[in-house]
Amino acid sequence: MGEKGRPIHLGAGVMPASFKVLHDPVKNYETIIADFGECAIGRVAPIDLGFWWIILLCAYTKSTGDTSLAELPECQRGIRLILTLCLSEAFDTFPTLLCADGCCMIDRRMGVYEYPIEIQALFFMALRCALYLLKNDDEGKECADRISKRLHALSYHMRSFFWLDIKHLNDIYRYKTEEYSHTAVNKFNVMPDSLPDWVFDFMPTRGGYFIGNVSPARMDFRWFCLSNCIAILSSLATPEQASAIMDLIESRWEELVGEMPLKICYPAMESHEWRIVTGCDPKNTG
């Protein structure tokens, strides 16, 4: 909420990364200044915050039964603005969201860009929450129709191309490259030689997970905890896939949990890699 309880306007559908309160000692007056990424490390606008706003609004509405907040014109407009920005046409053939590096909570820098699983899982969950929150008026119906179409395409894409288990791993290992036409098996032209050695030891016979990223000629096979858990909560994962994710956590307990809560990412960076890959955060560059 802004000054005197007025809602913060959502600009063009992007949520602020943070707020700063400026105090004028002469007038004894405070002003809230929103940061949309222009003050962030790397000057990257956050994508995930708008999704979290929709998700938290839905959680509040469901847990309290209070629909008055979500039905406010400001909140309905905010939902539509965020989704209009995300559902807009672009030079992209995938239903996933194309992202800049460092655009979500898992950044600094970790090679998270293009189509990171964290953003795609949050995107899917936010779309489902928005369907629940949008009013059944003309503007709401139009937005809901676009959401339903995107959900169908997004769920198929994620379940088909981001999912990895022992069968898919063996299929990728035998991929042919430079295939053309609709019948191509290796649709993203992934090079089998790009498979990291650790993934063969990490993948159990029973189990699977949504990998970190899928884009042309590039797959990030790392495990990201938050996005896989969100995939279960939002039903992005099928019941079989949800069980496989839990089987993987149980099978690889020492690697993924050990003596601490679930690790954010696996495998961890080694040697001096963190100085290079996480270089945009001054705290990480001794």
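**Exercise 1. Determine how strands S1 and S2 are paired and what joins them.**

Solution. Step 1: strand S1 (residues 18-24) runs antiparallel to S2, and 7 bridges join them. Strands are taken as paired if DSSP finds at least two bridges between them. Strands (E, at least two residues) and helices (H or I, at least four) are DSSP runs, numbered from the N terminus. The model is a predicted one, in which local features need pLDDT of at least 70, side-chain atom pairs count only at pLDDT 80 or more, and totals for chains, interfaces and linings use all residues. Residues are numbered from 1 along each chain as its sequence is written, and side-chain values use heavy atoms, with hydrogens and water left out.

Step 2: S1 and S2 form a hairpin with 4 residues between them. In the turn, Asn 28 has a positive phi of about 50 degrees.

Step 3: Asp 35 lies in S2 (residues 29-35), and Ser 18 stands opposite Asp 35. With a relative accessibility of 11%, Asp 35 counts as buried; the classes are buried under 20% relative accessible area, exposed over 50%, and partly exposed in between (1.4 Å probe, protein chains only). Asp 35 and Met 15 are 20 residues apart in sequence, while their C-alpha atoms are 8.9 Å apart.

**Exercise 2. Locate Tyr 209 and state whether it is buried or exposed.**

Solution. Step 1: Tyr 209 belongs to strand S4 (residues 208-210).

Step 2: the relative accessibility of Tyr 209 is 0%, so this residue counts as buried.

Step 3: Ile 249 is 40 residues from Tyr 209 in sequence and 9.5 Å from it in space, C-alpha to C-alpha.

**Exercise 3. Describe the largest pocket by volume, lining and residue class.**

Solution. Step 1: the largest pocket has a volume of about 680 Å³. A pocket is found on a 1 Å grid over the protein atoms alone, as an open set of points where a 1.4 Å probe fits, with protein on both sides within 12 Å along at least five of seven lines; lining residues have an atom within 4 Å of a point. The volume is the space filled by probe spheres set on the points, which are joined across faces, edges and corners.

Step 2: the lining of the largest pocket holds 27 residues, and Leu 85, Cys 86, Ser 88, Leu 97 and Arg 150 lie nearest the centre. Helices H1 (48-64), H2 (73-86) and H4 (138-162) are the elements that give two or more residues to this lining. H4 gives the most, with 4 residues.

Step 3: sorted by class, the lining has 17 nonpolar, 5 polar and 5 charged residues. Here Ala, Val, Leu, Ile, Met, Phe, Trp, Tyr, Cys and Pro count as nonpolar, Asp, Glu, Lys and Arg as charged, and the others, Gly among them, as polar.

**Exercise 4. Classify the aromatic pairs Tyr 173 with Phe 200 and Trp 198 with Tyr 266.**

Solution. Step 1: rings of Phe, Tyr and Trp (its six-membered ring) pair if their centres lie within 6.5 Å; planes under 30 degrees apart count as stacked, over 60 as edge-to-face and the rest as tilted. The count by this rule is 12 aromatic pairs.

Step 2: the ring centres of Tyr 173 and Phe 200 are 5.9 Å apart and the planes stand at 85 degrees, so this pair is edge-to-face. Tyr 173 is in helix H5 and Phe 200 in helix H6, so the pair ties together parts 27 residues apart in sequence. Phe 200 is partly exposed at 35% relative accessibility.

Step 3: Trp 198 and Tyr 266 also form an edge-to-face pair, 5.9 Å centre to centre with 85 degrees between the planes. This pair links helix H6, which holds Trp 198, to strand S8, which holds Tyr 266, across 68 residues. Trp 198 is partly exposed at 23% relative accessibility, whereas Tyr 266 counts as buried at 19%.

Step 4: a cis peptide bond joins Tyr 266 and Pro 267, with omega about 0 degrees. Pro 267 is in the loop between S8 (265-266) and helix H10 (273-277).

**Exercise 5. Find the loop that holds Asn 189 and the one that holds Ser 235, and give the phi of each residue.**

Solution. Step 1: Asn 189 is in the loop between H5 (166-173) and H6 (197-202). Its phi is near 55 degrees, a positive value in a residue other than glycine. Asn 189 is partly exposed at 21% relative accessibility.

Step 2: Ser 235 is in the loop between helix H7 (225-233) and helix H8 (239-251). Ser 235 has a positive phi of about 65 degrees although it is not a glycine, and is partly exposed with a relative accessible area of 37%.
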